[in-house]
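Open the model in your viewer and keep the selection tool at hand. We will go stop by stop.

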Amino acid sequence: MGLAHSPSVITDGLVFMIDPGNSRSYPKNSYGTVCGTAFETQNLTLTAPTGAIFDQIVYASYGTPNGTCGLYTNGACHATGSTAAVASYLLNNSTGTIPATNGVFGDPCGGISKRLYVEARFKYTNSNDLSGKSSNAITVNGIGTTTDFTGVFSFDGTNDYMYLPAISQNNGASQLTWCAWMKRSASNSIMTLMQFANTDNDISCELWSDGNLYLEIGNGSNDYAVLNNTSTSWQHVSMVYNGSLTGNSERLKCYINGVIQTLSYSGTIPSTAGTATTLYLGYTSPDAGPNSNLYSNGKLGVFQSYNRALSATEIKQNFEATRDRYGI
């Protein structure tokens, strides 16, 4: 496949891969606009599509503007600070409500009924899938990225994350593998490597504030494996699931930096994975149960998803292929 920066990565069974240090995967922006109008004393609310934020005010006028969306023009009455005022409500947000009042814009023409016209640009930020088999990942709420050789996604622990439609090759599967470089900001920081989530199905790999790494494939929160892990260094974490085998320790395995780990299990790891509509990176989704709506605080590097259970030798190969980039 000739993946830039990672020539030795296993490609057999690869269904999704992002690499923020690879020029073909690094996030690229796509745009659209939203328009709205309001009469004086009303509120104007503009909302960007899911996964997008407002990054530019294309047009704004409080006064007597005219025209239609995309063709707005100033009237004889126009508040010169309209664009700056609207920007303070919208930029870098996914939604905003702007009061069309003299208190916000000043009064450009006393005694005349005024109105507010706005056209705002929104931005999607996608990270291109290098496998060529799945959807691009959308980054939400200004996730940090770097363009240097290492390349990382930075999660601030407040509200940013990544998502994509669930990888169809993973739904209901009996074999799966996820590999990723990850680094939590502190020993008690949340860091979600990945999570498929549905009301009763949860497939996830997450570092929690209690100092443990949880790996789950099951219903609710009763079928999982756990490993003590408080590291704040870069780690290559691999979760390997093979439901065709017998016993928890054979069905669900974890490797750290290419070395298999001893896990503690709860419940019974099922023979097939559940189905879900969305894959989250850096975020514990609302469907995940009692520990919901929690955002990651740390960094994510190369991420790969496979539709089969990789062998210990293959996990080691993926680790060796990129370890120099993370100083390991």
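Begin with the aromatic rings: pairs with ring centres within 6.5 Å come to 11 in this predicted model.

**Stop 1: a group of tyrosines**

Select tyrosine 161 and tyrosine 163. Their rings form a tilted pair, 6.2 Å centre to centre, with 40 degrees between the planes. Are these two residues buried or exposed? Tyrosine 161 is buried, and tyrosine 163 is buried too.

With tyrosine 161 it makes another tilted pair, at 6.2 Å centre to centre and 50 degrees between the planes. Tyrosine 161 sits in strand S10 (residues 161-165) and tyrosine 280 in strand S20 (residues 278-281), so this pair ties together parts that are 119 residues apart in sequence.

Check the accessibility of both. Buried means under 20% relative accessible area. Tyrosine 161 has 13% relative accessibility, so it counts as buried. Tyrosine 280 has 15%, so it counts as buried as well.

Tyr161, Tyr163, Tyr280 and Tyr295 make up one aromatic cluster.

**Stop 2: strand S16**

Select residues 235-242, which are strand S16. How many of its eight residues are buried? Eight of the eight are, so S16 is largely enclosed by the rest of the structure. Colour the two faces separately. Gln235, Val237, Met239 and Tyr241 lie on one side, and His236, Ser238, Val240 and Asn242 on the other. Both faces are covered.

Next, show the partners of S16. S11 runs antiparallel to S16, joined by eight bridges. Look for glutamine 175, which stands opposite asparagine 242 of S16. S17 also runs antiparallel to S16, and five bridges join the two. Here valine 240 has lysine 253 in S17 as its bridge partner.

**Stop 3: helix H4**

Select residues 312-322, helix H4. Which of its residues are buried? They are Glu314, Ile315, Asn318, Phe319 and Thr322. Turn the view to look down the axis of H4: these buried residues fall within an arc of 140 degrees, so they line one face of the helix. What do they pack against? Their neighbours are strands S11 (175-184), S16 (235-242), S17 (252-256) and S23 (297-306).

**Stop 4: serine 94**

Finish at serine 94, in the loop between helix H1 (82-90) and strand S5 (95-99). Serine 94 is partly exposed, with a relative accessible area of 32%. Show its contacts beyond four places in sequence: Leu46, Thr47, Ala48, Ala52, Ile53 and Phe54. Pick alanine 52 from that list.

Note on methods
Residues numbered from 1 in each chain as written. Predicted model: local features only at pLDDT ≥ 70, side-chain atom pairs only at ≥ 80, totals over all residues. Heavy atoms only, no water. Buried < 20%, exposed > 50% of the residue type's maximum accessible area, 1.4 Å probe, protein only. Helix = DSSP H or I, 4+ residues; strand = E, 2+ residues; numbered from the N terminus. Arc of directions from axis to C-beta. Contact = heavy atoms within 4.5 Å. Phe/Tyr/Trp six-rings, centres within 6.5 Å; stacked < 30°, edge-to-face > 60°. Pairing = 2+ DSSP bridges.
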